[in-house]
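This report describes a single protein chain for a reader who has its sequence and coordinates at hand.

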Amino acid sequence: PPLYTAGTSAKPGDLVEPDRFPVFTAGRGGQYTYHGPGQRVAYVMLNLNTRGRDVRCFVRQLEDWVIAALAEFNVKGEIRDGRVGVWVQRPERPPGPTGEVPEDKIAAIGVKLRRWVSFHGLSINVEPDLSHFSGIIPCGIRDHGVTSLVDLGLPVTMEDVDNALRRGFERVFSAPSGGACDEGSLSFQPK
């Protein structure tokens, strides 16, 4: 059922409608997010002791994993400095106040590590009721919206997304470097 989760950085003022859905405090990083029908939630449990003990690298790999999966549907997912998650540009909408192309978040990431083993993970919006996000300031970001694959005009099923995630996981997390990150190898480039 629909619910909101509060990560370790959640700010009370970002819970706009506290009585709309149940709110669960989660031990993951991040702020408030929505979870409900129409999202693919993936919990990633990896031992980062064998992958370089680099939290930023791991989060970037999760973003790259989503970007790889989205690329299979001809959706260009992007990352933004200072904002965790995956974003898509919306050029069909009017430009922002300074002329920038509007963008929406399509995937959220929130993780926790215990003894360098990862918990929690990510959610990709496949076909959720996007109005459910209005009860929170998603991930504390007020200047951008949220979208889904179906909102982008793609009749994608959960099975389609699952298959794309399976293929993308192999490409991103089985890199020749053993999953290690450096400044030159952080971003997945679809073939």
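The pLDDT is the predictor's confidence in each residue, given on a scale from 0 to 100. The structure shown is a predicted model, and its protein chain has a mean pLDDT of 89. Of the residues in the chain, 91% reach a pLDDT of 70 or more. Over residues 183-191, however, the pLDDT is below 50. Beyond near neighbours in sequence, this stretch has 11 contacts in the model.

**Salt bridges**

How many salt bridges does a search of the whole structure find? The search finds 13.

| Glu-17 | Arg-20 | 3.9 Å |

In the salt bridge between Glu-17 and Arg-20, Glu-17 is partly exposed, with a relative accessible area of 31%. Arg-20 also counts as partly exposed, at 28% relative accessibility.

Is Glu-78 buried or exposed? Glu-78 has a relative accessible area of 14%, and it is therefore buried, the limit being under 20%. Lys-76 has a relative accessible area of 62% and is therefore exposed, since the limit for that class is over 50%. Lys-76 and Glu-78 also belong to a network of salt bridges, in which they are linked with Arg-80, Arg-83 and Glu-103.

Asp-104 lies in strand β7 (residues 103-114), whereas Arg-90 lies in the loop between β6 (83-89) and β7, so the pair ties together parts that are 14 residues apart in sequence. Both Asp-104 and Arg-90 are buried.

**A nonpolar patch on the surface**

Which residues form a nonpolar patch on the surface? They are Val-41, Tyr-43 and Met-45, and together they have about 340 Å² of accessible area. Val-41 is placed in strand β4. With a relative accessible area of 32%, Val-41 is partly exposed.

**Asn-47 and its surroundings**

Asn-47 is located in the loop between β4 (39-43) and α1 (55-71). Its relative accessible area is 34%, and Asn-47 is thus partly exposed. The side chain of Asn-47 reaches the backbone nitrogen of Asn-49 at 2.8 Å. When neighbours within four places in sequence are left aside, Asn-47 is in contact with Trp-116 and Val-117. Asn-47 and Arg-115 are 68 residues apart in sequence, and their C-alpha atoms are 8.5 Å apart in space.

Gln-31 is placed in the loop between β2 (23-25) and β3 (32-35). Is this residue, Gln-31, buried or exposed? Gln-31 counts as buried because its relative accessibility is 18%, and the limit is under 20%. Leaving aside neighbours within four places in sequence, Gln-31 is in contact with several residues, among them Thr-5, Ala-6, Gly-7 and Ser-9. Its contacts also include Ala-10, Lys-11 and Asp-14, as well as Cys-139 and Gly-140.

Methods: Residues are numbered from 1 along each chain as its sequence is written. This is a predicted model: local features need pLDDT of at least 70, side-chain atom pairs count only at pLDDT 80 or more; totals for chains, interfaces and linings use all residues. Side-chain values use heavy atoms; hydrogens and water are left out. Helices (H or I, at least four residues) and strands (E, at least two) are DSSP runs, numbered from the N terminus. Buried means under 20% relative accessible area, exposed over 50%, partly exposed in between (1.4 Å probe, protein chains only). Contact means heavy atoms within 4.5 Å. A polar contact is a pair of N or O atoms within 3.5 Å; within protein, one must be able to donate a hydrogen and the other to accept it, and residues adjacent in sequence count only if both atoms are side-chain atoms. Patches are made of residues with over 30% relative accessible area and no salt bridge: like charges are joined within 9 Å, nonpolar side chains (Val, Leu, Ile, Met, Phe, Trp, Tyr) within 5 Å. Accessible areas come from the Shrake-Rupley method with a 1.4 Å probe; for residues, only the protein chains shown count as cover. A salt bridge is a side-chain nitrogen of Lys or Arg within 4 Å of a carboxyl oxygen of Asp or Glu.
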